[in-house]
Amino acid sequence: MASVNIAGREVELDEDGFMVNPDDWTEDCAKYFASGEGINELNDDHWKVIHYLRDYYKQFQIAPMIRKLCKETGCSLKYIYELFPSGPAKGSCKLAGLPKPTGCV
Amino acid sequence: MALSKERLGRYNPEKPQENRLTDLGPRHFWEFFPPVIQENYGKWLYHDILEPGILAHVSETGAKVYTVRCGAARFMTVQHVREICEIADKYCKGYVRFTTRNNIEFLVDSIEGLEALKKDLESRKFAGGSFKFPIGGTGAGISNIVHTQGYIHCHTPATDASSMVKAVSDELFEYFKGMTLPAKLRVSMACCLNMCGAVHCSDIALLGYHRKPPIVDHEYISKLCEIPLAIAACPVGAISPDKTESGKKTVKIKSERCMFCGNCYTMCQALPLSDQEGDGVTILAGGKISNRISDPKFSKVVVPWLPNSFPRFPEVVENVKKIVEAYAKGANKYERLGDWAERIGWERFFEQCGLEFTEHLIDDYRLAYDTWRTSTQFKFTDAAWEVSKVAGGIEE
């Protein structure tokens, strides 16, 4: 597994660019990943989604279902895709430092 | 077709959303219809199978179209696709289609064209000697084997797809070229019990199967996995949350409860279970999806486990052959394999196919009760007599 230097700290990444250890996450990580996901600048809505994902993960140890994410943050799925062009799983979960989505994706 | 450089420009990684086309859907099938199909769409009167692999459809306008069906390996190179295109250009005005079992169909509208096409297809071989475009797969025979990724591409298989399909197809080739069976016989293959494809509803199905529980990677599981997902993935509730000595979150697996389905590995990459000696092949039989005469059926496990003997899988081939031959000998016309087995009774199916019945085949998952025999209706078989004698129940 490769590691990158984000704002002076070594962070381990897997081959899809997801963080290996969610505990290593800082806001700098989100900023670092944003450019790779086609996001120029993180606005308040981006941060709302990212913090919601992190809080949910901290509480339940899983990523929330899409419906839950949309309902709780008030963003429609269409708007989530506008915020994170590669979608809620590949985009926002990566920025939030959550584990890579699994299953038949 | 080359990549667009003019109208929308090249892809620009700096601005990924610029000039992005999306939600276009597939091309409409009408664009790729041969003219004879377009003209007679919805007007077909009847069809005939002229010979194995060759169909003739007659329209109410009097138009005829001849279809030549060829086997295909499903995994194919662009070079092979180009060869298909070359044949289609030469004989079929550039039109060709693929079937739902991944055969190739060339359509021509004259008998002369048909003869020339047939001759050409049969002459084409790979350097190793295999037919590139064997004609067949129609009527009461064995068409292509629907199969999956195997070791070529997937991370959860218990066996390989392409090599086993090649080994079994080689052995069943005469049934592909002929229409000698009581009814069509569908063979399918899946390399783990996700059962991608048609394994659960095929006359004969080959299924990759594990026999050992997953190994837990305690070091990485809490980082890589959403642990509640792994726990909820288990159909028998064998996984429970646990802590390592250093206090990290992990899971423990009750190995006596685990039936090696591999669902938890699908959800969590820190639970690998693939194993060289443990993994192998299960054979199922008797499924179908059509509603002809009898209802659609699920296939049932008839051989619990056979080893992965790469590259030719002799044990699998031998058992498939046994089932096909017993079915060809015993079944009535139009009877699918499952219909035959149910008519003669599964105890007679095992006897006639020469398969051993073991405790692995007795259902023990939740709704199992309905699969047991709640009747005195059964036929004595040699195997049953043996059991009876061992138990001291029968005096000779």
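## Two chains, from overall build to single residues

Chain B contains twelve helices and eleven strands, and it should be kept in mind throughout that what is described here is a predicted model. The C-alpha trace of chain B, taken along its principal axes, spans about 75 × 70 × 40 Å. Of the 396 residues in chain B, 43% are buried.

One helix pair in chain B can be followed from its geometry down to its residues. Helix H9(B) and helix H11(B), the latter made of residues 346-353, pack with their axes 9 Å apart and at an angle of about 115°. Because angles from 65 to 115 degrees are classed in this way, H9(B) is described as roughly perpendicular to H11(B). The crossing of these two helices, H9(B) and H11(B), is right-handed. On the side of H9(B) the contact is made by Lys322(B), Ile323(B) and Ala326(B), and on the side of H11(B) by Phe349(B), Gln352(B) and Cys353(B). Sorted by class, this contact of H9(B) with H11(B) comprises four nonpolar residues, one polar residue and one charged residue.

Helix H9(B), which covers residues 314-330, also marks one end of a loop whose other end is helix H10 (337-344) of chain B, and Arg336(B) is placed in that loop. Is Arg336(B) buried or exposed? Its relative accessible area is 6%, and since buried means under 20%, Arg336(B) counts as buried. Once neighbours within four places in sequence are left aside, the residues in contact with Arg336(B) are Ala183(B), Lys184(B), Arg186(B), Asp203(B), Gly287(B), Lys288(B), Ser290(B), Arg292(B) and Tyr327(B). Tyr327(B), one of these contacts, has a number that falls within the range 314-330 of H9(B).

The axes of helix H1(A), residues 27-36, and helix H2(A), residues 44-60, come within 12 Å of each other and cross at roughly 120°. H1(A) passes H2(A) in a right-handed crossing. The residues that meet are Glu27(A), Ala30(A) and Lys31(A) from H1(A), and Trp47(A), Ile50(A) and His51(A) from H2(A). By class, the contact of H1(A) with H2(A) has three nonpolar residues, one polar residue and two charged residues.

Further along chain A, Glu82(A) belongs to helix H4(A), residues 77-83. With a relative accessible area of 54%, Glu82(A) is exposed, because the cut-off for that class is over 50%. Between Glu82(A) and Val105(A), which are 23 residues apart along the chain, the C-alpha atoms are separated by 21 Å.

Finally, Cys104(A) lies in the segment that follows helix H5 (87-95) of chain A. An unreviewed UniProt entry carries the annotation "active site" for Cys104(A). Cys104(A) has a relative accessibility of 68% and therefore counts as exposed. Which residues does Cys104(A) touch, not counting those up to four places away in sequence? They are Asn194(B) and Thr266(B), so that the account, by way of the 4.5 Å heavy-atom criterion for contact, returns to chain B.

Methods: Residues are numbered from 1 along each chain as its sequence is written. Chains are lettered from A and ligands numbered from 1 in the order in which they are written. This is a predicted model: local features need pLDDT of at least 70, side-chain atom pairs count only at pLDDT 80 or more; totals for chains, interfaces and linings use all residues. Side-chain values use heavy atoms; hydrogens and water are left out. Axes are lines fitted to C-alpha atoms, for helices over the stretch in contact, and angles run from 0 to 180 degrees between N-to-C directions. Helices (H or I, at least four residues) and strands (E, at least two) are DSSP runs, numbered from the N terminus. A crossing is left-handed if the near helix is turned anticlockwise from the far one by less than a right angle, and right-handed if clockwise. Ala, Val, Leu, Ile, Met, Phe, Trp, Tyr, Cys and Pro count as nonpolar, Asp, Glu, Lys and Arg as charged, and the others, Gly among them, as polar. UniProt positions are given in the numbering used here, feature names are shortened, and annotations may be inferred rather than shown by experiment. Buried means under 20% relative accessible area, exposed over 50%, partly exposed in between (1.4 Å probe, protein chains only). Angles under 35 degrees count as roughly parallel, over 145 as roughly antiparallel, 65 to 115 as roughly perpendicular and the rest as oblique.
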